[in-house]
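Okay, thanks for making time, everyone.

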Amino acid sequence: RYRASLRAVDGGAEWQAHLVKASHGKDATTVAVTTPAGKFTSGDYILTLTGVDAAGTTEEINRYFFRVNR
């Protein structure tokens with residue numbers, strides 16, 4: 001299982017998806033996260049992807065930085 005959290009670089013509110021599903025292909029695993037776009041204003045954001053094992057232990061997989069322009 002995976003969890004995704006999204007927050008503005010300068011702080012503020014955070015959005016989380018707790019049960020993100022992965023698709024396992026022949027050569028790679030992909031994770032798709034759908035976010036409520038209307039909640040985000042212009043600015044820089046960080047999406048953090050975390051893996052969660054059966055025991056509930058978490059491990060950060062990666063951080064992705066992006067910009068919203070409105």
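Let's start with a quick one: is Arg67 buried or exposed? Arg67 is exposed, at a relative accessible area of 56%. On cut-offs, buried is under 20% relative accessible area, exposed is over 50%, and partly exposed is in between, with a 1.4 Å probe and protein chains only.

Before I go on, the ground rules. This is a predicted model, so local features need pLDDT of at least 70 and side-chain atom pairs count only at pLDDT 80 or more, while totals for chains, interfaces and linings use all residues. Residues are numbered from 1 along each chain as its sequence is written, and side-chain values use heavy atoms, with hydrogens and water left out.

Now, strand β5, residues 43-52. Strands here are DSSP runs of E, at least two residues, numbered from the N terminus. Eight of the 10 residues in β5 are buried, so the strand is mostly covered. On one side, β5 runs antiparallel to strand β1, residues 2-8, with seven bridges joining them; a pair of strands needs at least two DSSP bridges between them to count.

Leu47, for instance, has Tyr64 in β6 as its bridge partner. The β5–β6 hairpin has five residues between the strands, and Gly56 takes a positive phi near 90 degrees there.

Thr50 is buried, with 13% relative accessibility. Ignoring neighbours within four places in sequence, its contacts (heavy atoms within 4.5 Å) include Tyr2, Arg3, Thr58 and Ile61.

Okay, charges. Side chains of opposite charge can pair when their charged atoms come close. The cut-off is a side-chain nitrogen of Lys or Arg within 4 Å of a carboxyl oxygen of Asp or Glu, and a search of the whole structure gives two salt bridges.

Back to Arg67, then: what does it pair with? Asp44, with the closest N and O atoms 2.6 Å apart. Arg67 sits in β6 and Asp44 in β5, so the pair ties together parts that are 23 residues apart in sequence. Asp44 is partly exposed, at 32% relative accessibility.

The other pair is Arg63 with Glu60, at 3.0 Å from N to O. Arg63 is partly exposed, with a relative accessible area of 40%, and Glu60 is partly exposed too, at 40%.

How values were computed. Helices (H or I, at least four residues) and strands (E, at least two) are DSSP runs, numbered from the N terminus.
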